[in-house]
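These are my notebook entries on one structure, written while I looked things up.

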Amino acid sequence: MKGEVDRRAALRTLLEGTCALAVLGAGCGDGWREAIVLDPPDAGGPGAACDNAPVPGGPEEGWVEVPLADHPALQVPGGAAAVRIPQALLDVVIVHVSQDCYAALWRICTHGDCAVEWVPDDGVMECPCHGSRFSQDGQVLNGPATRPLAAFQVVRQGTSLFLRRSR
């Protein structure tokens, strides 16, 4: 009987803790604050700098392979895709800017912790939560965001793209 009471008490405590967390995280309300987003490590410059592209190295040098077959929209200029590679701590939007030229930007808005989206008609990244807009090199075009998105170097080699993420 004592084991049964302990299990029930433990489950009740777990449930109460879960409910408290749910209440704390319920909606933005009037108290919206700037997201706490850690800056990713220096990635080696803007992703859209396509001249004099280096030969990508291996994962130990921070290069992450993105097969184009996994993201068919990136095979044509103007295409874009959200690319998440959790094991490489990578969450980016890649845009095929022009022939053999790509831009890759961190996908999480620096203002409100929302996923930015590519707006092809305007050629910008936009946060759907509060309207912040970012250029192809990650610079803030209009707020409320005040910090740029991190840009990653992108190189195409054969049928894959390689993004450089410094470690």
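I take helices (H or I, at least four residues) and strands (E, at least two) as DSSP runs, numbered from the N terminus. On that basis I placed Ile94 in strand β3 (residues 90-98).

**Ground rules.** I am working on a predicted model, where local features need pLDDT of at least 70, side-chain atom pairs count only at pLDDT 80 or more, and totals for chains, interfaces and linings use all residues. Residues are numbered from 1 along each chain as its sequence is written, and side-chain values use heavy atoms, with hydrogens and water left out.

**Overview.** I counted one helix and ten strands in the protein. Read from the N terminus, the order is α-β-β-β-β-β-β-β-β-β-β. For burial I used relative accessible area: under 20% is buried, over 50% is exposed, and partly exposed is in between (1.4 Å probe, protein chains only). Of the 167 residues in the protein, 38% are buried. The accessible surface comes to about 9800 Å², and carbon and sulfur atoms hold 55% of that; the areas come from the Shrake-Rupley method with a 1.4 Å probe, and for residues only the protein chains shown count as cover. A contact here means heavy atoms within 4.5 Å. Among contacts with a separation of 6 or more, 51% are between residues 24 or more positions apart.

**Ile94.** Is Ile94 buried or exposed? Its relative accessibility is 0%, so Ile94 counts as buried. I then listed what Ile94 touches, ignoring residues up to four places away in sequence: Val66, Leu74, Gly79, Ala80, Ala81, Val83, Tyr102, Ala103, Ala104, Leu161 and Leu163. I also checked Gln136, which is 42 residues from Ile94 in sequence and 9.7 Å away in space, C-alpha to C-alpha.

**Cores.** I defined a nonpolar core as a set of buried Ala, Val, Leu, Ile, Met, Phe, Trp, Tyr and Cys residues joined through side-chain atoms within 4.5 Å. The largest has 20 residues, and those touching the most other members are Leu90, Val92, Ile94, Phe152, Leu161 and Leu163. Two or more residues of this core come from each of β1 (63-67), β2 (80-85), β3, β4, β9 and β10. Another core, of 13 residues, lies apart from it and includes Cys109, Cys127, Ala145 and Leu149. In soluble globular proteins, nonpolar side chains tend to be buried together.

Setting aside neighbours within four places in sequence, its contacts include Val64, Val66, Leu74, Ile94, Tyr102 and Val154.

**Strand β9.** Why do I call β9 largely enclosed by the rest of the structure? Strand β9 covers residues 151-157, and five of its seven residues are buried, so the rest of the structure largely encloses it. I count two strands as paired if DSSP finds at least two bridges between them. Strand β4 (residues 101-106) pairs with β9 in the antiparallel sense over two bridges, and Ala104 has Phe152 of β9 as its bridge partner. Strand β10 (residues 160-164) also runs antiparallel to β9, with five bridges joining them. Gln157 stands opposite Ser160 in β10. These two strands, β9 and β10, form a hairpin with two residues between them, and Gly158 in the turn has a positive phi of about 65°.

**The open sheet.** Which strands form the open sheet? I read the order as β5-β6-β7-β8, four strands with antiparallel pairing. Its edges are β5 (117-119) and β8 (140-142), each pairing on one side only. Strand β7 (residues 133-134) is joined to β8 by two bridges, and Arg133 has Asn142 in β8 as its bridge partner.

**Cysteines.** I searched the whole structure for disulfides (cysteine sulfur atoms within 2.5 Å) and found one. It joins Cys114 to Cys129, S to S 2.0 Å, and is left-handed, with -105° about the S-S bond. Cys114 sits in the loop between β4 and β5 and Cys129 in the loop between β6 (124-126) and β7, so the pair ties together parts 15 residues apart in sequence. Cys114 is buried, at 12% relative accessible area, whereas Cys129 is partly exposed, at 39%.

Cys109 is in no disulfide; the nearest cysteine sulfur is that of Cys127, 3.9 Å away. Cys127 is likewise in no disulfide. I noted Cys109 as buried at 0% relative accessible area and Cys127 as buried at 2%.
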